[in-house]
Amino acid sequence: MHGQKEVDENLNQYCIEKNQPTKLDAYLKCFWKNSTGASDVCMKTVGVNSAQVKSCVADATKQFNPTEKVSA
């Protein structure tokens, strides 16, 4: 519905929940507060392991191919 940016953020949230679930609520509060969608800033602020998220996103992208039908 909202293009690649939404797909990317959905994958970030999926991976945070999967690998670091205790940090998801704080991450979401930060993300929603920063309407610019500063996911990298929020990951750092909350202490999310961004390398782990990036690895998970790569794996999830291979497994689910969420960008197959995305239009910008």
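This is a predicted model: local features need pLDDT of at least 70, side-chain atom pairs count only at pLDDT 80 or more; totals for chains, interfaces and linings use all residues.

**A walk through the chain**

User: Thanks! In which helix is the place of Asn12, and which residues is Asn12 in contact with beyond its neighbours in sequence?

Analyst: Leave aside the neighbours within four places in sequence, and Asn12 is in contact with Tyr27, Ser39, Met43, Val53 and Val57. As for its own place, Asn12 belongs to residues 4-19, which form helix H1.

User: What covers the buried residues of H1?

Analyst: The buried residues of this helix are Val7, Glu9, Leu11, Asn12, Cys15 and Ile16. Their cover includes helix H2 (24-33), helix H3 (39-46) and helix H4 (50-64).

User: How far apart are the end C-alpha atoms of H1, and what span should its residues give?

Analyst: H1 has 16 residues, and at 1.5 Å a residue they should span 22 Å. The expected span uses one less than the number of residues. The end C-alpha atoms agree with this, being 22 Å apart.

User: Stepping back, how many helices and strands does the protein chain have, and what pattern does it follow?

Analyst: There are 4 helices and 0 strands in the protein chain. Read along the sequence, that gives the pattern α-α-α-α.

User: Which residues touch the most other members of the largest nonpolar core, and which element gives the most to it?

Analyst: In soluble globular proteins, nonpolar side chains tend to be buried together. Here the largest nonpolar core has 16 residues, and Ile16, Tyr27, Met43 and Val53 touch the most other members. H1, H2, H3 and H4 are the elements that give two or more residues to this core. The one that gives the most, with 5 residues, is H2.

User: Is Gln20 buried or exposed, and which backbone nitrogen does its side chain reach?

Analyst: Gln20 is found in the loop between H1 and H2. Its relative accessibility is 9%, so Gln20 counts as buried. Among the residues Gln20 touches, not counting those up to four places away in sequence, are Cys15, Val48 and Gln52. At 2.8 Å, its side chain reaches the backbone nitrogen of Asn49.

User: How many aromatic pairs are there, and what kind do Tyr14 and Phe64 form?

Analyst: The count comes to 2 aromatic pairs. For Tyr14 and Phe64, the distance is 6.2 Å centre to centre, with 90 degrees between the planes. This pair links distant parts of the chain, as Tyr14 is in helix H1 and Phe64 is in helix H4, 50 residues apart. Planes over 60 degrees apart count as edge-to-face, so Tyr14 and Phe64 are edge-to-face.

Note on methods: Residues are numbered from 1 along each chain as its sequence is written. Side-chain values use heavy atoms; hydrogens and water are left out. Contact means heavy atoms within 4.5 Å. Buried means under 20% relative accessible area, exposed over 50%, partly exposed in between (1.4 Å probe, protein chains only). A nonpolar core is a set of buried Ala, Val, Leu, Ile, Met, Phe, Trp, Tyr and Cys residues joined through side-chain atoms within 4.5 Å. A polar contact is a pair of N or O atoms within 3.5 Å; within protein, one must be able to donate a hydrogen and the other to accept it, and residues adjacent in sequence count only if both atoms are side-chain atoms. Rings of Phe, Tyr and Trp (its six-membered ring) pair if their centres lie within 6.5 Å; planes under 30 degrees apart count as stacked, over 60 as edge-to-face and the rest as tilted.
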